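Visitor: I am new to this structure. Please take me in for a close look at a single part, and then show me what lies around it.

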Amino acid sequence: MTRSPAVLALDVGGTSMKGAVVTRDGRPVHVDRWPTLPAEDTVRAIVGHLRALSLVARDLDVEVVAAGVVTPGMIDEATGTVVYASNLDWRDLPLRALLTEATGLPVATGHDVRTAGLAEQLLGAARGVDDFALVTIGTGVAAALVTDGRPVTGAGGAAGEIGHIPMVPGGEACTCGQFGCLEVYVSGAGLARRYAARSGRSLPAEDVVARLGADPDADVVWAEAMAVLAQGLVTATLLLDPTTIVLGGGFTAAGEALLGPVRTQLAAGLAWRPAPPVRVAELGSEAGWIGAAAMALRSAGLGDALRTWDRQAFTATTTP
Ligand SMILES: [Zn+2]
């Protein structure tokens, strides 16, 4: 009997990496995670994790046909080069070539948020939707833009940087060198920094959110964040005319404190057209590796199998 084809998937984040072995028919037969090592060791660690996943696959009696690896940053998808990734400290890193050479596997590389968009489109909040924006709000803010069923990458792989759209003229300085960027106000890092500046207390963003309704300083910086986010979504809506907007990332833990003001202010900011529905991403922090697996399968010429993938098989192994 021939062994069932499978792919390796790896989501390389700034603080942790998530890996999986996924069969062609969409069963994640193994899921793992590791802390991300300092920049000088990151590529070596990625190679090590892919080799470890290969060994697991062999023990599980599946045949690895390709790997998919997703990272943050500006990715030249044609060449598989990471042009720039600030939180991994990479510049012009020929990632796909390095990993193909080191593993002997065909390797597909991609952008983490764009790939999460692919996963949400296949199995999550954008299932069956051809025009949508997935906006992930974590430490920073980035978007996957899908129009007519296809992800928008831009000329240099830099499309979707909604976090660095200047929303507040003459606003606060951003780490990117601009002023008044959306993520200065809306991201986890921005919220924590602005809360500390206002209250004199240093708290992580999730603690600021937990104080909403009980701490006037938290309420003020949150309200300012919601106003800037809604304005950013007004801009995205007018540019793209999406069927739906999907919000992902750590901020979604705020629930109605996020969705309520965003929906109201998005609608209020659009005078002559209806606002698209705003939904919360369904695959959470698992979307990156799920999308990486889908990308690897496509690169191996087995993309047709994605039509048979079922959300249920992934829910069993994923965490909320
Ligand atoms: Zn910026």
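Guide: Start with Arg194, which is buried, with a relative accessible area of 12%. The cut-off explains the label, because buried means under 20% relative accessible area. Keep in mind that this is a predicted model.

Arg194 sits in helix 5. Set aside its neighbours within four places in sequence. Arg194 then contacts Glu172, Val184, Tyr185, Val221 and Glu224.

Leu191 belongs to helix 5 as well, which covers residues 188-199. Leu191 counts as buried, because its relative accessibility is 0%. Arg58 is 133 residues from Leu191 along the chain, and 45 Å separate their C-alpha atoms.

Next comes the metal. Four residues coordinate the zinc ion: His164 through ND1, and Cys174, Cys176 and Cys181 through SG. The distances run from 2.0 to 2.4 Å. In sequence, the donor residues follow the spacing H-x9-C-x1-C-x4-C. The site is tetrahedral, with angles of 104 to 123° among its four donor atoms.

Cys176 is partly exposed, with a relative accessible area of 39%.

Move on to a pair of helices. Helix 3 spans residues 112-123, and helix 9 spans residues 287-299. They pack at an angle of about 85°, and their axes are 7 Å apart. That angle makes helix 3 roughly perpendicular to helix 9. From helix 3, the contact is made by Thr115, Ala116, Leu118, Ala119, Glu120, Leu122 and Leu123. Helix 9 brings Ala287, Gly288, Ile290, Gly291, Ala292, Ala294, Met295 and Arg298. Sorted by class, the contact has 10 nonpolar, three polar and two charged residues.

Stay with helix 3 for Gln121, which lies in it. Gln121 is buried, with a relative accessible area of 17%. Beyond its neighbours within four places in sequence, Gln121 contacts Ala126, Arg127, Gly128, Val129, Asp130, Phe132, Val146 and Gly149.

Most residues other than glycine have a negative phi. Asp92 has a positive phi of about 45°, although it is not a glycine. Asp61 also has a positive value, with phi near 65°.

Asp92 is found in strand 7, residues 90-93. At 57% relative accessibility, Asp92 counts as exposed. Leaving out neighbours within four places in sequence, Asp92 touches Thr81, Val82 and Val83. Met74 is 18 residues from Asp92 along the chain, with 9.5 Å between their C-alpha atoms.

Asp61 has its place in a loop. That loop runs between helix 1 (39-59) and strand 4 (62-71). Asp61 is partly exposed, with a relative accessible area of 49%.

Notes. Residues numbered from 1 in each chain as written. Predicted model: local features only at pLDDT ≥ 70, side-chain atom pairs only at ≥ 80, totals over all residues. Heavy atoms only, no water. Helix = DSSP H or I, 4+ residues; strand = E, 2+ residues; numbered from the N terminus. Buried < 20%, exposed > 50% of the residue type's maximum accessible area, 1.4 Å probe, protein only. Donors = N, O, S within 2.8 Å, 3.2 Å for Na, K, Ca; no water. Tetrahedral: all angles 85-135°; square planar, octahedral: opposite > 155°, others 65-115°. Axes fitted to C-alpha atoms, helices over the stretch in contact; angles between N-to-C directions. Parallel < 35°, antiparallel > 145°, perpendicular 65-115°, else oblique. Contact = heavy atoms within 4.5 Å. Nonpolar A, V, L, I, M, F, W, Y, C, P; charged D, E, K, R; others polar.
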